[in-house]
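Q: Can you walk me through this one? I have not looked at it before.

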Amino acid sequence: MDISVVIPLYNEDESIPELYAWIERVMKENGFSYEVIFINDGSTDRSWEIISELNKKQPDVVKGIKFRRNYGKSPALYCGFEQAQGDVVITMDADLQDSPDEIPELYRMIKEDGYDLVSGYKQKRYDPISKTIPTKLFNATARKISGIKNLHDFNCGLKAYRKAVVKNIEVYGEMHRYIPYLAKNAGFDKIGEKVVQHQARKYGSSKFMGLNRFVNGYLDLLTLWFLSTFGKKPMHVFGFLGTVMFFIGFVAAVWIGADKLWCLAHHIPQRLVTDSPFFYIALTMMLMGTQLFLTGFLGDLISRSSSGRNDYQIEETI
């Protein structure tokens, strides 16, 4: 099979028939063998009924996954990736803002240009300014932390993947924003970008508005950075910080003690050690350093006993 189109959706019953007809036309014009996998993420409208009707008409092409409740985009993509059988996997949103006309070129970039992942770039957007400005700031931060300098739109729903990519990454929580980063960490570093057409929403309203999506996005990015950098070696960061803090506190304590002894030896009046704020600063630094070191030690023990401690991405075995 050439292409699997994975479409997570939530309350998009008005746009599903039009979107599927558009995809079907593009696939037939280009002679692709394909499947379309709809993941109904707890919709409360007629989305599932429409998917079921499409499946009855073309059971070999239209597949559907129905969640009992709304879990989010990342779980929907994870389940869609598990079911995908195409050599190239295309993801897109169901709101008709992503154009299926982009599919042939995305497919070509994966198959002929050798990319592992191609991300869409909505250079001209039809979103309100309250969404576009935070998105630009968010993408700039993601480029800096991930090291993927050539991507301008990490969160674009329109992406193409080599099949091996989606079978070797785990999209969880709200990590769909960072699939290129997840792919890079799994060893798929041939990541490209294509400027794609962004269309104004035709039906309904956006399901991903609100300030919390940006706050959560930054928190998820920090989590992913830490896990990718220190996930299998937590002692390297906590142990280092703990050692540095303990050393500073210890040196400060020695200096305070030496100063007290020198004053006593020379019969110089000196206040009690416990009256000095530096004593408590030194004590706090030593305690915090010890706690950080123990945190790193415990983290290492947990990492070594984890079932995924040797979960390495093996490309080929002979």
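A: One term to begin with: two strands pair if DSSP finds at least two bridges between them. Helices (H or I, at least four residues) and strands (E, at least two) are DSSP runs, numbered from the N terminus. This is a predicted model, where local features need pLDDT of at least 70, side-chain atom pairs count only at pLDDT 80 or more, and totals for chains, interfaces and linings use all residues. Residues are numbered from 1 along each chain as its sequence is written, and side-chain values use heavy atoms, with hydrogens and water left out.

Q: Which residue in S6 stands opposite Leu-117?
A: Tyr-161 does. S5 and S6 pair in the antiparallel sense, over three bridges.

Q: What is the strand order in the open sheet?
A: The order is S3-S2-S1-S4-S6-S5-S7, seven strands with mixed pairing. S3 (62-66) and S7 are the edge strands, each pairing on one side only.

Q: Which strands does H1 touch?
A: H1 packs on the sheet and touches S1, S2 and S3, with its direction at about 160° to that of S2. Contact means heavy atoms within 4.5 Å. Axes are lines fitted to C-alpha atoms, for helices over the stretch in contact, and angles run from 0 to 180 degrees between N-to-C directions. H2 lies across S1, S2 and S3 and runs at about 150° to S3.

Q: At what angle do the axes of H1 and H2 cross?
A: At roughly 35°; the axes of H1 (residues 16-30) and H2 (residues 47-57) come within 10 Å. Ile-16, Pro-17 and Tyr-20 in H1 meet Ser-47, Ile-50, Ile-51 and Leu-54 in H2.

Q: New topic. How many aromatic pairs does the structure hold?
A: Five. Rings of Phe, Tyr and Trp (its six-membered ring) pair if their centres lie within 6.5 Å; planes under 30 degrees apart count as stacked, over 60 as edge-to-face and the rest as tilted. Phe-32 and Tyr-107 form a tilted pair, 4.8 Å centre to centre with 55° between the planes.

Q: Where do Phe-32 and Tyr-107 lie?
A: Phe-32 is in the loop between H1 and S2 (34-40) and Tyr-107 is in H4 (residues 103-111), so the pair ties together parts that are 75 residues apart in sequence.

Q: Is Tyr-107 buried or exposed?
A: Tyr-107 is buried, at a relative accessible area of 14%. Buried means under 20% relative accessible area, exposed over 50%, partly exposed in between (1.4 Å probe, protein chains only). Phe-32 counts as buried too, at 15%.
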